[in-house]
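Q: Could we go through this one together, starting with a loop and then moving on to the overall fold?

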Amino acid sequence: RSPVACLVLGMAGSGKSTLMQRIGVCIHEKQIPSYVINLDPAVSKLSYGCNIDIRDTVNYKEVMKQYKLGPNGGIMTSLNLFATKFDQVIDLMEKKADSLQN
């Protein structure tokens, strides 16, 4: 059985973090094995726990300074830089996959 994936996207202020926090509470209460990845390099703090956080790899503010970008360009460039290392994310998830099977 393939794992379920939930990708939460939306504009700033649309409730992505709130939804993720509520999903986190639900999966914790129901003891559903999960693996959460934060792909928002500009979020200042998370209201939910995550296993992988883009902010551990890419410093959004430094990207803005280095490439002389505004906020949106900084986010896009941070995501592009993180994407160059996404094979490492896949490797981590594959190693964890057996423990996440229901």
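**Loops and fold**

A: Lysine 68 lies in the loop between helix H2 (60-67) and helix H3 (71-83), where helices (H or I, at least four residues) and strands (E, at least two) are DSSP runs, numbered from the N terminus. This is a predicted model, in which local features need pLDDT of at least 70 and side-chain atom pairs count only at pLDDT 80 or more, while totals for chains, interfaces and linings use all residues. Residues are numbered from 1 along each chain as its sequence is written, and side-chain values use heavy atoms, with hydrogens and water left out.

Q: What is the phi of lysine 68, and is the residue buried or exposed?
A: Lysine 68 has a positive phi of about 50° although it is not a glycine. With 77% relative accessibility, lysine 68 counts as exposed; buried means under 20% relative accessible area, exposed over 50%, and partly exposed in between, using a 1.4 Å probe and protein chains only.

Q: Which residue with a positive phi follows H1?
A: That is glutamine 31, with phi near 55°. Glutamine 31 sits in the loop between H1 and strand E1 (37-38), and at 70% relative accessibility it is classed as exposed. As background, most residues other than glycine have a negative phi.

Q: How far apart are the end C-alpha atoms of helix H1?
A: They are 20 Å apart, which agrees with the 20 Å that the 14 residues of helix H1 (residues 16-29) should span at 1.5 Å a residue, the expected span being 1.5 Å times one less than the number of residues.

Q: How many helices and strands does the protein chain have?
A: There are 4 helices and 2 strands, and from the N terminus on the elements run α-β-β-α-α-α. Along its principal axes the C-alpha trace spans about 45 × 30 × 20 Å, and buried residues make up 18% of the 102 residues in the protein chain.

Q: Switching to aspartate 53, which side chains does it make polar contacts with?
A: Aspartate 53, in strand E2 (residues 52-53), makes a side-chain polar contact with the side chain of asparagine 38 at 2.8 Å, and another with the side chain of arginine 55 at 2.6 Å. A polar contact here is a pair of N or O atoms within 3.5 Å; within protein, one must be able to donate a hydrogen and the other to accept it, and residues adjacent in sequence count only if both atoms are side-chain atoms.

Q: And is aspartate 53 buried or exposed?
A: Aspartate 53 is buried, with a relative accessible area of 8%.

Q: Now the cysteines: how many disulfides does a search of the whole structure find?
A: The search finds 0 disulfides, a disulfide being a pair of cysteine sulfur atoms within 2.5 Å. Cysteine 6 is in none, and its nearest cysteine sulfur, that of cysteine 26, is 11 Å away. Cysteine 6 is exposed, at a relative accessible area of 55%.

Q: Last one, where is serine 99 found?
A: Serine 99 is found in the segment after helix H4 (86-96) and is partly exposed, with a relative accessible area of 46%.
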